[in-house]
Amino acid sequence: MLTSTSRWYALAALALSTLAVGLDTTVLSVALPTLARDLDATTGDLQWFTTAYLLVLAAALLPAGVLGDRLGRRRMLIGALVLFGAASVACAYAQTSGQLIAARAVLGLGAAVIMPLSGAVLTVLFPAGERTRAMSIWVTASALGIPLGPLLGGWLLDNFWWGSVFLINVPVVVAGVLALSLWLPESHGARSRLDLPGIVLSAAGLAGVTYGIIEAGERGWSDARSLITIAAGIALLAGFVLWQRRAAHPLVDLALFRNRAFTGGAVLATVASFAMLGLLFSLPQLFSAVGGHDAFGSGLRLLPVIGGLVVGARFAEKLARRLGARLVIAGGLGLIAVASLLGAQTTASTGYGYVAVWITITGVGLGLTMPPALDAALGALPPAGSGVGNALLQAMRQVGGAIGVAVLGTVLNSAYRERVPAVAADSVTSGVAVARQTGDAGLLASVREAFAYGMERSLLVAGALALAGVVLALTVMPKRAAEPQPEVLAESLL
């Protein structure tokens, strides 16, 4: 029988697993300029270093969830961590851009298993009374990679070769494998026949939508190829839904969406991911290109987001027990909306103290929103299908985050280009470089103010979406989530 202490040890192991994924998400951005020089990487290569990871991650999420339910979540998690560590070493010692792209794709495969199954295990490890606290720790561990990636990556690049930024995953992976082996019990879900058509349709559809959104973020939302790719991905996902309705052994139980707790929690967690990743797209540029700070300094200035998230998540559990998840989630999204409006007042000359205030409020809002929303969605899942159910939840968040970066990035870039001359219109980073090379102080000031204007526009969009999320939370989410049956949870553990 799993003791209460063992459950928390197991959670520590799961937190290490998600921390490894979180670190890899942000550390690459620090190394891109060095990779361009040392590997002779083109702009297209640099884009594929990120895109290869995201495409494999999006395509493999649902198959990874169903395989974890069938083969054993502990076994799959340990195998995925080993694969993730091996791929990190391959990234570190890649000699060409092609080798690095291939290794990044394998990293995405490992992450596609770790993300849904670590959340699925929480469903069967913790009863409802403890699950929100466990979810808070799990979400915070993943979010810690956001500032730690630039901090560690910047320090390593200053002192070692570029491959070291990928090797930081290895000790985390080793610790995670040992911890999972010692403390995580094996658990299974449904062992029905594999829905191969469903796997193919979902993987191709998610990959198509994700790739199209990434391309639209780069090329603009009027680009025909991007729009055709998105449309093809949506068509494949529509075919997936139709197939699930007639399949004898469907990959996803569509009846889940009739559950208000699952649907509301999944959609609202996706809204929060949209706002968070869109914000994290602009903040590093604000600190580096506008503020003139290096990667390490930018990472330090992101820490208030994490501090706020930790505080918000800590209070979310107590507030959810007293007020219900619906009001807590609505309050968290309301804080994100307020912080976005405050952030929209930021100019190129605004001091960091003001920025630290509104990004801290954003973090508190995320902490109040994400754990209760994820907890509500996961709590609605039957333990036998928690792997594929959580994979569906993570797929929604992944696509939502990609849309957030693409949409808010497009809004920011479009507004930025309205305010600067053509010579500086490529990006704020290149604009600052051109201004410094020519010694044009007026151009430099114009570039920085134009970026602040673009960020203002994007934050207003993020704030409007968060306000829509408040309305959605109050109308869709049930007042109280149903308590899961303890005996059902126990049956899913071996």
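A crossing of two helices is left-handed if the near helix is turned anticlockwise from the far one by less than a right angle, and right-handed if clockwise. Keep that in mind for the exercises below.

The model is predicted, so local features need pLDDT of at least 70 and side-chain atom pairs count only at pLDDT 80 or more, while totals for chains, interfaces and linings use all residues. Residues are numbered from 1 along each chain as its sequence is written, and side-chain values use heavy atoms, with hydrogens and water left out.

**Exercise 1. Check the confidence.**
Find which helix has the lowest mean pLDDT and which the highest.

*Solution.* pLDDT is the predictor's confidence in each residue, from 0 to 100. The chain mean is 80, and 89% of residues reach 70 or more. Where pLDDT is low, the predicted coordinates should not be read in detail.

**Exercise 2. Describe how α12 packs on α16.**
Give the angle, the axis distance and the handedness for α12 and helix α16 (residues 441–476).

*Solution.* Axes are lines fitted to C-alpha atoms, for helices over the stretch in contact, and angles run from 0 to 180 degrees between N-to-C directions. Here the angle is about 165° and the axes are 8 Å apart. Angles under 35 degrees count as roughly parallel, over 145 as roughly antiparallel, 65 to 115 as roughly perpendicular and the rest as oblique. The two helices are therefore roughly antiparallel. α12 passes α16 in a left-handed crossing. Among the residues in contact are Leu 333 and Gly 334 of α12 and Gly 463 and Ala 466 of α16.

Now look at Leu 342, which also lies in α12. Its relative accessibility is 31%, so Leu 342 counts as partly exposed. Leu 342 touches Tyr 354, Trp 358 and Ile 361, leaving aside residues up to four places away in sequence.

**Exercise 3. Repeat the analysis for α3.**
Find how helix α3 (residues 73–92) crosses helix α7 (residues 169–183), and what its 20 residues should span.

*Solution.* The axes come within 9 Å and cross at roughly 165°, so α3 and α7 are roughly antiparallel. This crossing is left-handed. The contact includes Leu 81 and Phe 84 of α3, with Val 173 and Gly 176 of α7. For the span, multiply 1.5 Å by one less than the number of residues. That gives 28 Å for α3, and its end C-alpha atoms are 28 Å apart, which agrees. Buried residues of α3 include Leu 81, Phe 84 and Gly 85.

Definitions and conventions
Helices (H or I, at least four residues) and strands (E, at least two) are DSSP runs, numbered from the N terminus. Contact means heavy atoms within 4.5 Å. Buried means under 20% relative accessible area, exposed over 50%, partly exposed in between (1.4 Å probe, protein chains only).
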